[in-house]
Amino acid sequence: MTKTLSESGDYLMKIEDANGSQSEGDVSTPPQTPTPRRSSQLKGLERRGSEAKVLQLSVDNTWATVSPKNNTKLKASVEKMSAVVRRGWKPELWYKTFVGLFFVVIALLIGTTTFMYNRQSYLKAFRDKIYILEEKRNFFLLDAYGNELLKATFGVNVPGDIKPLNCFKINNEGELSHICREWQYRAHLNIDYQHKPNGISCYRVRWHSYDSLGIGLKDCFELENSFWYGMGLVEKLSWPLTNVSLQYSPFVTGGVPNPKAPFGSIIKRYWISSKGVSIRVPLNIPLYVSFNASDENGNFDNKLCLESRTNRHPYNLMSDSLPHLEYTICTGNNIIQLHTEVSKNWTKVLRTTKVIPKKDKKGKEVTKASENATVFLKEIFWTTNTELFPNVTQLGLQSYADKIMSYGFEPGIIVLDSRWECHTGDLSINRTTFQNPGALFNVLHFKGFKILMTVTPFIDISADILVSASNEKRVFLDRHINATLFTKCKESPKKLCALLDLMNSTTREWFHRRINNSVLTELNVDGLLFKGIPVTLMPLNHYNNKPNIVNPDYYQIHYKNLAKNTINLIGLDTAAGIHGLESFFQISPLTSSWTSLRSIIPQVLTLGLIGYAIINTGSVGGDLFVDPKTFDRELYIRWLELSA
């Protein structure tokens, strides 16, 4: 049976009347002491909590009043609410609330400031294409889209517990021009950056140490995810440098690359990656390098590390300069665009090279002024090494030229080794073996041959010129006892030779004058092959009259400058960072083997990339024979095909 809302209301009213009538029938009580009045709200809450009835719908669909079984929870809630209301007026609560809100505001300010700082750092890194992570001592070079091109770790040898300090330098325009960090009493770091057209950006990194005997300055670069090229002739050279692993070694010229001296006679402090990143190190830095070095377990670190150290062989032990490391990193949109931009300075000298006309005894020009190094790309080189000519004579040389013509080969360039001299360093032709050199050279020129004579900075111990050169201090002297130092002669390793001190300007002028008077004027030659000496073969403890020059490879620079001011057609077999020189460069002699044949292409490609345009790879079939009696016909044919 369904009850309406009005009927339910009447029913409730009856219940309330019944309760009221029952209370009126009670016996009256004597008057009592009045109790303190409470607020009407609290009275209502207590009355509802203790006396209120609860309507419940029964199973037979009728309403019934039910008293609450337990109102303890309701009373407790009421008491808590009362306590909160009473306690709300106390000042301690307001103080705690204010402090809490204050700390919340501070946290928000710190978070906002950190966010804005990081955002500004990212925007600056995106604009300057460089991002520095101070905690891990890393900096990253980025491309135009913010992608990582190179990851570097700087200050590897600086103790990690020493924190750097920021230092700022203002340029002339009043803007920050570079990044600066200072490790107190240790080292100073500057990173200058410059953004050029066509997406080229260059970063010049300069370290300066405050301790000449302390730790070396060292930075490392990750090699992963890209192919790398450069350096020049190194041990087990490959193209690209994927299979190359070099242990920690000084970056100086050497002989045939080996594990103890992994660099060859033609090198350059230049690296470039397929991602469009190049690294260059100046020649005045006492540089040590490791490339993908391996540990004792054979694990490779996949890093290129550059370190600067002074007062350690082979760098100048007399220098009192503090260690300093400098290199320039350039990035571009791609490797071709970057290398084209970087190599502009290398080819600029080639476009402005002055031609040196050759003159006879009377001062008359006898060669065309237009003759230049392009002849080395057109003509065949005919060598006279000891494997082919145990003894070089005038008759043998003329017969050699006739045999070349009889086989149908075109005449080319005959290169005479240093055995044309009486003694190495004399710079006077041996009249015993060459009775009439003028007539011989005229005949060879008539047949269409050109003649290159070999000169070296060595003076044989038997040469007459050695006494005067030693007295005039034109050779390397021991810095302790001031005596002449000797080393192996390059052309004749079984003999001892003194070495001209070409670091001295007066010695260079003296040597240049002797070449002009004794060779170019007396003999009708077309060019000169300047064979030098790598740093690893220089005598130890020699005196350096220029202590500010730390790197002994400056010897190669002075030798190159002397050569290019002597005659137009020149060749060199040692070089350290030479570029813009019209000459050919001759690599180290190769053994007659298939391994040597496979090494030619990587050597030519690498040297061409780093600025050595014309490469002479030596004799077809190799210059050195393990067993002269054995002859590999197939090897010779393949070698000849490659050379052609």
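Let me begin with strands β18 and β19. In this predicted model, β18 pairs with β19, residues 413-416, in the parallel sense, over 3 bridges. Within that pairing, phenylalanine 381 has isoleucine 413 of β19 opposite it.

The pair belongs to an open sheet of 7 strands, whose order is β18-β19-β20-β24-β25-β27-β28. The pairing in this sheet is parallel. At its edges lie β18, residues 381-383, and β28, residues 614-616, each of which pairs on one side only. From one strand to the next, the twist averages 25°. Helix α12, residues 554-564, packs on the sheet and touches β20 (450-455), β24 (527-530) and β25 (569-572). The direction of helix α12 makes about 165° with that of β25.

I turn now to the disulfides, of which the structure holds 3.

One of them is formed by cysteine 202 and cysteine 330, with the sulfur atoms 2.1 Å apart. This disulfide is right-handed, because the torsion about its S-S bond is about 105°. It links distant parts of the chain: cysteine 202 lies in strand β9 (residues 201-209) and cysteine 330 in strand β17 (residues 324-331), 128 residues apart. Are these cysteines buried or exposed? Cysteine 202 has a relative accessibility of 10% and therefore counts as buried. Cysteine 330 is also buried, its relative accessible area being 1%.

Another disulfide joins cysteine 220 to cysteine 305, with an S to S distance of 2.1 Å. Here the torsion about the S-S bond is about 110°, so this link too is right-handed. Distant parts of the chain are again connected, since cysteine 220 sits in strand β10 (residues 217-222) and cysteine 305 in strand β16 (residues 303-308), 85 residues apart. Cysteine 220, at 7% relative accessibility, counts as buried, and so does cysteine 305, at 6%.

There remains the disulfide between cysteine 489 and cysteine 497, where S to S is 1.7 Å. With 95° about the S-S bond, this link is right-handed. Both cysteine 489 and cysteine 497 are buried. Cysteine 422, by contrast, is partly exposed, because its relative accessible area is 36%.

Finally, a word on confidence. The protein chain averages a pLDDT of 79, and 75% of the residues score at least 70. Over residues 1-39 the pLDDT is below 50, and this stretch has 10 contacts in the model beyond near neighbours in sequence. Residues 41-51 also have a pLDDT below 50, with 8 contacts beyond near neighbours in sequence.

Note on methods
Residues numbered from 1 in each chain as written. Predicted model: local features only at pLDDT ≥ 70, side-chain atom pairs only at ≥ 80, totals over all residues. Heavy atoms only, no water. Pairing = 2+ DSSP bridges. Helix = DSSP H or I, 4+ residues; strand = E, 2+ residues; numbered from the N terminus. Axes fitted to C-alpha atoms, helices over the stretch in contact; angles between N-to-C directions. Contact = heavy atoms within 4.5 Å. pLDDT = per-residue confidence, 0-100. Disulfide = S-S within 2.5 Å. Buried < 20%, exposed > 50% of the residue type's maximum accessible area, 1.4 Å probe, protein only.
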